[in-house]
Amino acid sequence: MRRVVCPGSFDPVTFGHIDIIGRAAKQYDEVVAAVLNNVNKRGLFTVPEKLDMLRQTTAEFDNVRVREFDGLLVDFCRVNGIETIVRSLRSVSDFDYELQIAQMNYRLSGVETVFMTANPRYSFLSSSLVREIAQHGGDVSSLVTPYVEDRLREKFDERRDA
Ligand code: ADP
């Protein structure tokens, strides 16, 4: 059983994430999409909201599980019998950062990192840009699923009313 993890903030999940998770699901027996619960960094969405959106958007893949983790990713891997981390590279700037983290994770635990090249259709796409566009009422329908689009609208309406 080859189980891998696709870790991330997923704040919120975009078509770029779904592309990578779906491609990993074809290559491996099981993919765990793991949402980082970062106590030092509050996102736009709460962890339960991120998990809900990820579950909704990956429901089409039978072998994808959605989980939350905190602390070290390599500890999550050890506890869950995961030997490989899947990350994606959108640009050279991603590479610099990812290489360092991958080497550190290998040093800490022997867990391998596999890089997938981002689909060029989505290589410009990031959750932070989606948040910014949605915040200003822009059209994000080609960047996220309708379900996520609705959650973004709700979130910014809530904030405006607060
Ligand atoms: P992190 O803060 O850990 O980078 P993200 O949610 O931004 O969390 O990204 C999680 C993973 O998804 C990373 O491997 C990232 O490179 C990948 N990813 C994010 N956006 C895209 C995209 N548009 N196309 C392909 N991969 C993406």
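Modeller: A nonpolar core here is a set of buried Ala, Val, Leu, Ile, Met, Phe, Trp, Tyr and Cys residues joined through side-chain atoms within 4.5 Å. Keep in mind that this is a predicted model. The largest such core has 34 residues. Ile21, Val31, Leu54, Val86 and Leu152 have the most contacts inside it. Several elements give two or more residues to this core: β1 (3-8), α1 (15-27), β2 (30-36), α2 (47-58), β3 (64-69), α5 (127-135) and α6 (146-161). Of these, α1 gives the most, with five residues.

Take Val31 as an example. Beyond its neighbours within four places in sequence, Val31 touches Val4, Cys6, Ile21, Ala24, Ala25, Asn63, Val64 and Arg65. A second, separate core has 10 residues, among them Phe69, Leu73, Phe76 and Ile82.

Now the ligand. Of the 13 residues around it, Ser9, His17, Ser88, Tyr122 and Leu125 come nearest. The side chain of Ser9 has an N or O atom 2.8 Å from an oxygen atom of the ligand. Phe10 uses its backbone instead: an N or O atom there lies 3.0 Å from a ligand oxygen. Arg87 places a polar side-chain atom 3.1 Å from an oxygen atom of the ligand. On its own, the ligand has 550 Å² of accessible area, and the protein covers 83% of that. β1, α1 and β4 each give two or more residues to the shell. The largest share, three residues, comes from α1. By class, the shell has six nonpolar, five polar and two charged residues.

How values were computed: Residues numbered from 1 in each chain as written. Predicted model: local features only at pLDDT ≥ 70, side-chain atom pairs only at ≥ 80, totals over all residues. Heavy atoms only, no water. Buried < 20%, exposed > 50% of the residue type's maximum accessible area, 1.4 Å probe, protein only. Helix = DSSP H or I, 4+ residues; strand = E, 2+ residues; numbered from the N terminus. Contact = heavy atoms within 4.5 Å. Near = heavy atom within 4 Å. Polar contact = N/O pair within 3.5 Å; in protein donor to acceptor, adjacent residues only side chain to side chain. Areas by Shrake-Rupley, 256 points an atom, 1.4 Å probe, with all protein chains shown as cover. Nonpolar A, V, L, I, M, F, W, Y, C, P; charged D, E, K, R; others polar.
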